[in-house]
Amino acid sequence: MADAEKLYRRSIEQGGAPTVTFGNAIQVQYQLGMVDTAQTTLGRFTEDYPGHPGLLNYRLAFANANFDHAAARRLLDSLEVNPTGIPRVDVGLRFEQANVAAIEGRVSDTKRHLLAGYDAQAEAGLRFINEPRRLFEATIDAVVAVWYLEDPNRAVQALDAAMVATGYDTLPDEQRRDLQIGGIYARAGRVDRARQLIARHEQVEQPESDDDRSASLWAAHGTISLVEERFEDALRELEGARTAVTGCPLCFLPEIGEGLLGTGQVDSAIAVFESYLETPTLFRSQQDNFNLWAVLLGLGEAYRRADRIDDAVASYDRLLNQWADADPLLNPRIEDIRNRIAGMVEETRQSR
């Protein structure tokens with residue numbers, strides 16, 4: 001990777017480098033931890049190709065990589081008022097708006113932007129998301145219900161209704177989301193339904209051995225194992241997912257941290273959660289959207305178990321700041337976090 005970075009940088013310095021070289025250089029430099037150099041390359045990209053739509057993506061990526069979600073939100077809000085006029089770019093920005101909204105706990109905005117992106121892709125003649133709109137919307141509702149609201153019944157009701165309305169079992173393979181929906185069912189306590197969907201996917205994919213399993217299939221099995229508190233199995237399966245995926249340094253780390261906490265390996269869980277936060281990577285909003293808050297919550301709990309109270313409070317405070325503009329629907333979770341902080345502070349006071 002270091003050799004590639006030198007080649008990209010030399011090409012840029014010589015002048016006339018194509019836009020793809022700038023993009024490759026920025027990503028490699030950032031992954032190598034050369035953040036300032038990557039920022040300089042972005043500046044040169046701006047000078048050589050002013051107005052290029054790719055610049056927007058990198059400005060957003062830098063803001064999100066620095067956890068400056070307020071800056072990303074301001075940029076996205078301005079683009080909503082003045083879109084680029086390039087259909088593929090504008091549709092992508094809709095989904096990026098959803099990512100940032102999810103990070104900030106603005107779940108209503110998340111759904112609004114996701115559905116707007118879904119509708120805009122059809123109008124633009126694009127197809128990023130292929131499942132029926134009714135199923136897509138229900139998946140959003142179910143994820144919010146399980147992950148954010150801790151309301152599994154609401155999630156199951158949303159999915160069940162959409163499965164019937166769309167005739168899910170008769171949909172063509174490319175429109176089904178067996179593993180994704182199976183994972184949500186599992187998290188909602190319907191492991192039986194999750195197993196059915198995963199088994200159906202395996203019949204289509206027909207992996208001949210563990211080596212043939214996709215990352216998503218490994219992760220689906222890992223999710224069931226987490227829910228059933230078979231944490232050793234979960235860790236094996238999630239590591240299988242990590243091995244099968246490429247180019248995604250953050251993928252499955254939150255779930256692995258959860259599994260490690262389940263086995264009582266607190267220090268290892270802390271290391272995994274911290275790695276998620278500290279790994280330099282661009283375009284991380286695609287992972288942070290529904291993971292960053294869970295990582296901060298898990299890290300706070302891991303620090304608490306390790307008796308690192310100041311660090312636990314700092315992690316919880318960071319989440320509260322992240323959710324400063326969260327929807328009122330999240331107020332119960334926010335109150336729970338505040339109570340955790342108050343309890344730890346009181347315990348610390350009494351122990352002195």
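1. Helix axes here are lines fitted to C-alpha atoms over the stretch in contact, and the angles between N-to-C directions run from 0 to 180 degrees. The model is a predicted one.

2. Helix H12 spans residues 215–227 and helix H13 residues 231–244; their axes come within 8 Å and cross at roughly 165 degrees. Angles over 145 degrees count as roughly antiparallel, and H12 and H13 are therefore roughly antiparallel to each other. Their crossing is left-handed.

3. Which residues of H12 meet H13? On the H12 side they are Ala215, Trp218, Ala219, His221, Gly222, Ser225 and Leu226. H13 contributes Phe231, Asp233, Ala234, Arg236, Glu237, Leu238, Gly240, Ala241 and Ala244. Sorted by class, this contact holds nine nonpolar, four polar and three charged residues.

4. The next pair is H16 with H17. Helix H16 (residues 285–305) packs against helix H17 (residues 309–322) at an angle of about 160 degrees, and the axes are 7 Å apart. H16 and H17 are therefore roughly antiparallel to each other. The crossing of H16 and H17 is left-handed.

5. In the contact between these helices, H16 supplies Leu292, Trp293, Leu296, Leu297, Leu299, Gly300, Glu301, Tyr303 and Arg304. From H17 come Ile309, Asp311, Ala312, Ser315, Tyr316, Arg318, Leu319 and Gln322. The class count for the contact of H16 with H17 is ten nonpolar, three polar and four charged residues.

6. What is the volume of the second largest pocket? The computed value is about 270 Å³. Its lining consists of Gln27, Gln31, Gly247, Cys248, Pro249, Leu250, Thr281, Leu282, Phe283, Arg284, Gln286 and Gln287. Helix H2 (19–31) and H16 are the elements that give two or more residues to this lining.

7. By class, the lining of the second largest pocket has five nonpolar residues, six polar residues and one charged residue. Among the lining residues are Gln27, Gln31, Gln286 and Gln287. Arg284 also belongs to the lining.

Notes: Residues numbered from 1 in each chain as written. Predicted model: local features only at pLDDT ≥ 70, side-chain atom pairs only at ≥ 80, totals over all residues. Heavy atoms only, no water. Helix = DSSP H or I, 4+ residues; strand = E, 2+ residues; numbered from the N terminus. Parallel < 35°, antiparallel > 145°, perpendicular 65-115°, else oblique. Left-handed = near helix turned anticlockwise from the far one by under 90°. Contact = heavy atoms within 4.5 Å. Nonpolar A, V, L, I, M, F, W, Y, C, P; charged D, E, K, R; others polar. 1 Å grid on protein atoms, 1.4 Å probe; cavity = no way out; pocket = protein on both sides within 12 Å on 5 of 7 lines; lining within 4 Å. Points joined across faces, edges and corners; volume = space filled by probe spheres on them.
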